[in-house]
Amino acid sequence: MPHSVSLINTIAAGLGLALVFGFLAARLRLPALVGYLLAGVIIGPFTPGFVADAGIAAQLAEIGVMLLMFGVGLHFSLTDLLAVRKIALPGAIAQIVVATLLGGGLAVWWGWSWGAALVFGLALSVASTVVLLRALESLGILDSFTGRIAIGWLVVEDLAMVLVLVLLPPLAGALGGTNADSNGAPVWQTLGLTLLQVGGFVALMLVVGRRVFPWILWQVAGTGSRELFTLCVVAAAVSIAFASAALFGVSFALGAFFAGMVMRESQFSHRAAQESLPLRDAFAVLFFVSVGMLFDPSVLVDRPLQVLAVVLVIVLGKSLAACALVLVFRYPLATALTVSASLAQIGEFSFILAGLGVMLGLLPVEGQSLVLAGALISIATNPLWFSLIAPLQKWLHAHSKFARELDMRSDPLAELPMTTEAKYLSRQVVLVGYGRVGRRIAAELETHDIPYVVAEQNRELVEKLREAGIPAVWGDAADPAVLIQAHVARARVLVVATPDAMNVRQMIETARTLNPTIQTVVRSHNEQEARLLADETDAKVFLGEQELAQAMARDVVQRAAAMAVPA
């Protein structure tokens with residue numbers, strides 16, 4: 001038996017305590033991430049008792065970063081981002097600028113250097129995708145349009161931070177830090193060489209990687225071995241990340257991100273995500289534990305006002321900026337409040353950026369502790385902000401004329417044009433949602449020359465439908481005004497094709513109040529939900545799995561009957 005078992009000690013202590021504190025956090029209805037960070041604090045050098053090996057923890061954290069970024073790339077959908085690009089792209093960039101100025105302003109006020117202020121402000125500007133996804137999933141709005149806006153917003157933030165991680169090392173010297181790789185070369189030369197290396201790596205991955213790695217996955221999947229498939233996925237993530245750093249000088253994070261992106265091109269991308277999920281989760285936990293080890297709890301006692309200022313920037317500064325930006329783009333108050341709550345926390349990219357800032361000599365160690373303190377508090381309080389959305393919206397409507405005007409303001413996309421043909425205003429079908437299911441329903445209606453009007457929350461999509469000559473109104477169909485503008489009072493059928501079934505009852509109730517004879521057709525995702533909707537609303541409910549099974553069964557029966565040999 002070897003005498004040194006630091007690796008085993010670190011993994012055992014990290015995962016064991018993460019399980020205990022993660023469980024306690026979950027029972028307290030806090031994100032499990034809070035428990036993982038606290039586990040790191042317990043085994044860190046700033047608290048009494050067992051201290052894990054910081055060097056080994058740092059290497060485990062690097063693997064965690066690789067697999068986290070691999071997961072981000074694997075789930076990165078350019079199509080989903082483009083669907084909300086008109087709000088997510090400018091909104092996220094503007095919010096990053098505002099948050100960076102607020103955080104950087106605090107750092108300058110405290111007497112830090114401009115380089116430290118920049119890194120500190122950027123670390124406070126980006127929210128945690130992990131925390132957001134779990135919050136939206138628990139609320140049941142992950143697949144709603146508001147959920148897609150929030151996710152698209154964070155995807156833009158993640159991409160911006162990937163760029164920052166690439167550019168910060170060559171710029172460190174000019175910002176007052178250290179850059180061991182510059183060799184005294186001018187900043188523009190170092191920056192140009194870095195961009196050239198990154199460009200070469202990106203081009204290689206997009207041109208060669210998109211063809212090679214999906215082909216390799218196909219070949220490995222053909223063996224029928226689950227272990228080999230999982231090994232192939234993990235080996236690709238880690239080896240591409242390592243090769244990108246060794247050959248192109250690119251960070252592990254960027255290499256792993258592009259590994260996930262090229263894997264997404266394969267038809268086995270969903271399976272790759274599922275097979276690698278347990279390992280990604282395990283190393284993600286170790287990453288957060290290692291981050292917790294860097295946190296010095298004494299900062300809460302020594303610098304309480306600075307911690308409070310950091311939390312206010314994260315929870316109030318970022319959120320108010322995001323809320324204002326969403327309202328400027330003429331989206332409803334509920335959407336603005338949801339996006340604001342989504343951004344009222346910081347997470348994994350903040351940790352990575354703060355660690356890089358310390359390593360480059362830009363950010364002081366106390367700055368990293370302040371970032372970690374802000375992360376712990378903001379993540380722990382994030383569920384509270386989501387729970388306050390509905391009461392706050394109700395209170396604002398009751399006490400603020402401006403809030404009522406925000407939801408009542410006129411918008412040309414919220415009403416059908418005066419030139420709309422009469423056939424779309426009477427005996428038509430009102431189609432709520434124009435996603436994957438809605439588009440297919442619309443195509444079938446057009447085939448049978450049945451007029452329909454679309455009600456959709458995506459402004460850009462409504463604009464495109466109008467340009468294509470398809471009658472469409474913008475807004476949430478749970479709002480009676482939207483269905484009124486779609487002329488539901490004289491429609492034949494109301495079809496709810498959105499994946500979000502939270503407000504279906506309200507839509508149907510509004511439609512039947514205005515039109516007692518209207519027929520209603522709804523999609524659902526699970527049997528219990530389908531049964532409740534059918535019993536409570538008397539609507540025709542289609543369950544995805546059931547309809548798929550019935551269609552496949554009919555095809556099988558037809559094929560079997562056609563091949564039957566008569567006696």
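1. Helices here are DSSP runs of H or I with at least four residues, numbered from the N terminus. The model is predicted: local features need pLDDT of at least 70, side-chain atom pairs count only at pLDDT 80 or more, and totals for chains, interfaces and linings use all residues. Residues are numbered from 1 along each chain as its sequence is written, and side-chain values use heavy atoms, without hydrogens or water.

2. Arg 440 lies in helix α20. Its relative accessibility is 60%, so Arg 440 counts as exposed (buried is under 20% relative accessible area, exposed over 50%, partly exposed in between; 1.4 Å probe, protein chains only).

3. A salt bridge places a side-chain nitrogen of Lys or Arg within 4 Å of a carboxyl oxygen of Asp or Glu. The whole structure has 2 salt bridges. In one, the closest N and O atoms of Lys 86 and Glu 463 are 3.2 Å apart. This pair links distant parts of the chain, 377 residues apart: Lys 86 is in helix α5 (residues 85-109) and Glu 463 in helix α21 (residues 459-467). Lys 86 is partly exposed at 39%, as is Glu 463 at 28%.

4. Arg 559 and Asp 555 also form a salt bridge, with closest N and O atoms 2.6 Å apart. Both residues sit in helix α25 (residues 544-563), 4 residues or about one turn apart. Arg 559 is exposed at 53% relative accessible area, while Asp 555 is partly exposed at 33%.

5. Helix α16 is largely enclosed by the rest of the structure, because 9 of its 12 residues are buried. Among them are Phe 349, Phe 351 and Ile 352. Just after α16, Gly 361 has a positive phi of about 75 degrees.

Terms used. Helices (H or I, at least four residues) and strands (E, at least two) are DSSP runs, numbered from the N terminus.
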